[in-house]
Amino acid sequence: DTKIYFITDSTGFAEDEFMWRIESALQGGVNIMQLREKNRTTREYILLADKVHIIAKKYNVPLIIDDRIDVAMAVDAEGVHLGQSDMPVIGATAKTVPQAVEAYDQGADYLGVGAIYPTTTKVKTVLTSTDTLRDICAAVPIKVNAIGGLNKNNIDILQGIPIAGICAVSAIMKAGNPKLAVEELKCRAVELGLGNFKEA
């Protein structure tokens, strides 16, 4: 279930605050979570992933590790998310129909497609149009999730596109109340009739 796909960003947070934000988001009803850490050593990544996985299990939320198969295996995570230039995939990022088809052919279970809007979590943002998002949904038989700068106030742009879910980073991580941010995002998605959202 990828309806609310929460991607973490620990930048600027002490560990206690980071863990509180994660738990708060899980209390709000996140369906799946990706731990994304670009600047930690392998040991640091594993130690953090272990702590995050304990919290995720408490709420029965699958933990996906970004980019690092070794870390995912070390903490027995539920999956790994890889970019186009990485190894064969479980979850993958795609910005074009050919990339989406290639990821599916390599065995991806789901796709993250975007960025729909500019995002603050990556230095270089390549935008993906909603037309391309719609074409990708039609081109592959796996779950397609929209990503990139999405929040409760702008997801109406996704209305009518058969996505499986919404990926959110800043909308949750930077919220004053992550639990409420998740709940409001879900409610808005239900109002708009997006993807698999039937109830909040």
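On this tour, "packs against" rests on contact, which means heavy atoms within 4.5 Å. Keep in mind that the model is predicted.

Start by selecting helix α7, residues 178–192. Now color the buried residues of α7: Pro-178, Ala-181, Val-182, Leu-185, Lys-186, Ala-189 and Leu-192. Look down the axis and you'll find them within an arc of 130°, so they line one face of the helix. What does that buried set pack against? Show β1 (4–7), α1 (15–27), β8 (165–168) and α6 (170–173).

Before leaving, check both ends. At the start of α7, a side-chain oxygen of Asn-177 comes to within 3.2 Å of the backbone nitrogen of Lys-179. After the helix comes Gly-193, with a positive phi near 70°.

Next, jump to helix α2, residues 42–58. The buried residues here are Tyr-45, Leu-48, Ala-49, Val-52, His-53, Ile-55 and Ala-56. They cover an arc of only 160° around the axis, which puts them on the same side of α2. The buried residues of α2 pack against α1, β2 (32–35), β3 (63–66) and α3 (69–74).

Last stop: the largest nonpolar core, with 63 residues. Helix α2 gives the largest share of this core, 6 residues. Select Ile-65, one of those with the most contacts inside the core; among the residues Ile-65 touches are Tyr-45 and Ala-49.

Definitions and conventions. Residues are numbered from 1 along each chain as its sequence is written. This is a predicted model: local features need pLDDT of at least 70, side-chain atom pairs count only at pLDDT 80 or more; totals for chains, interfaces and linings use all residues. Side-chain values use heavy atoms; hydrogens and water are left out. A nonpolar core is a set of buried Ala, Val, Leu, Ile, Met, Phe, Trp, Tyr and Cys residues joined through side-chain atoms within 4.5 Å. Buried means under 20% relative accessible area, exposed over 50%, partly exposed in between (1.4 Å probe, protein chains only). Helices (H or I, at least four residues) and strands (E, at least two) are DSSP runs, numbered from the N terminus. The expected span of a helix is 1.5 Å times one less than its number of residues. The arc is that of the directions from the helix axis to the C-beta atoms. A polar contact is a pair of N or O atoms within 3.5 Å; within protein, one must be able to donate a hydrogen and the other to accept it, and residues adjacent in sequence count only if both atoms are side-chain atoms. Lists of a residue's contacts leave out its neighbours within four places in sequence.
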